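Colleague: I would like to go through a few residues with you. Could we begin with the terms?

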Amino acid sequence: MYAQMIKSTGEGVKSLEDMDPDERAFQERINAGGKIEPKDWMPDGYRKTLIRQIGQHAHSEIVGQLPEGNWITRAPTLERKAILLAKVQDEAGHGLYLYCAAETLGVSRDQLTRDLLSGKMKYSSIFNYPTLTWADMGAVGWLVDGAAIMNQVPLQRTSYGPYARAMVRICKEESFHQRQGYDIMMKMAQGTEAQRKMAQDALNRFWYPSLMMFGPSDAESVHSAQSMAWKIKVNTNDELRQKFVDQTVPQAHYLGLTVPDDDLKFNEETGHWDFSQPDWNEFFDVLKGNGPCNVERLEARNKAWDDGRWVREGLLAHAAKKKATHLAAE
Amino acid sequence: MSSPETSPYKGTEAADHGPARHNEWPLWEIFIRGQHGLSHRHVGSLHAPDAEMAIKNARDVYTRRNEGVSIWAVEADNIAASSPEEKGSLYEPSNAKVYRHPTFFDIPDEVGAM
């Protein structure tokens, strides 16, 4: 997902009886559906895991602007260009909502940014794939934002108040993103033969990377079990992936496109689509930094940070000067 | 284990767990009044060098879809907040005065709506 392979304490879930009174009161509040707010007591592991998770999610929104930003100047019509600009601006906004939620946990946005730029913190594997044609703008909106929604909708009920509230805002805006993507796909799939081929090619390239977004199976993971007990993760990766496939396959059929999986078939018994797993070696390799665009993405973010330094410092100096003038006049 | 430290580090409502900040834009809490006559409501925070930029940034971050007609920006340092431990002493007195709620009084059905 936008946050992948998040490690928690690694110790497994304690029983209520084994917890000290503070931790037990904290866990009981979560079990009862209560929200944890910034000034409330919380276990260190909860705080640290959330900073990792929300931080990675925020970084994904920010880096996620790059593959789509690539097409703003080349959008086929002025209307498509305006829509894409609005969508990319939304992604920046989503990043900011999330940094703001992370900051309530005691880390600063600039610190998180530094950790992204140095490669210490990660962002979603999906943004290390290139966007080669205009149809990729359709595939990204439809599949990538579609997968993100699968994860983000349940996170509106997550236990940490500021994170849940950020998710509510994001989900409201996200369905615009998915629909504009599907709209592009419909246009392409119903267009000329060349356009239809381009749409099919985009689906071929983005299908498995989209399935990877949910992360490898975590049914056995102690990290996942702890995160679920804390309600900072609501469903397992496999549950969300299955839901995504079930929702997306009929949408592909409507477009007249073929999902690139020979073993895809509807299972009458389970009522779900059976599908092939993505290549998990590729996933781990991309996370390690060896995806097609890892280097390019980090270079772009570092350049933006370095080039913006004079603006950040200049505005601070201006604000200090104005304050001094104001005080002197009093 | 962490504790509910009340010392907010400069500019946030949370405890100090990070290194000291240098040259960072201060944090502003943003409040928006919607179209329908309700009061300003807290929507989140953002960083800006001064008040003027805080309002400009708030427009871009929090009102991209007609969410509001008025923005307040307050530097986070200037907000005083109650702490969770005070919950008892702050709110206990009102819990004891149940007669403040209209449902405390039984009005006979014959009297009608009141």
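Modeller: A polar contact is a pair of N or O atoms within 3.5 Å; within protein, one must be able to donate a hydrogen and the other to accept it. Please note that this is a predicted model.

Colleague: Understood. What does the side chain of A:Gln56 reach?

Modeller: The A:Gln56 side chain reaches the backbone nitrogen of A:Gln4, at a distance of 2.5 Å.

Colleague: And where is A:Gln56 found?

Modeller: A:Gln56 belongs to helix α2 of chain A, which covers residues 44-63.

Colleague: Is A:Gln56 buried or exposed?

Modeller: A:Gln56 counts as buried because its relative accessibility is 7%, and buried means under 20%.

Colleague: Which residues is A:Gln56 in contact with, leaving aside neighbours within four places in sequence?

Modeller: They are A:Tyr2, A:Ala3, A:Gln4, A:Ile6, A:Met121, A:Lys122 and A:Tyr123.

Colleague: Turning to chain B, where does B:His40 lie?

Modeller: B:His40 sits in the loop of chain B between β1 (27-33) and β2 (41-47). With a relative accessible area of 17%, B:His40 is buried.

Colleague: Which side chains does a polar contact join to that of B:His40?

Modeller: One polar contact, of 2.7 Å, links the side chain of B:His40 to that of B:Ser70. Another, of 3.3 Å, links the B:His40 side chain to that of B:Trp72.

Colleague: What else does B:His40 touch, not counting residues up to four places away in sequence?

Modeller: B:His40 also touches B:Phe31, B:Ile32, B:Arg33 and B:Ile71.

Colleague: And what separates the C-alpha atoms of B:His40 and B:Gly68?

Modeller: The separation is 9.0 Å, for two residues 28 apart along the chain.

Conventions
Residues are numbered from 1 along each chain as its sequence is written. Chains are lettered from A and ligands numbered from 1 in the order in which they are written. This is a predicted model: local features need pLDDT of at least 70, side-chain atom pairs count only at pLDDT 80 or more; totals for chains, interfaces and linings use all residues. Side-chain values use heavy atoms; hydrogens and water are left out. Helices (H or I, at least four residues) and strands (E, at least two) are DSSP runs, numbered from the N terminus. Buried means under 20% relative accessible area, exposed over 50%, partly exposed in between (1.4 Å probe, protein chains only). Contact means heavy atoms within 4.5 Å.
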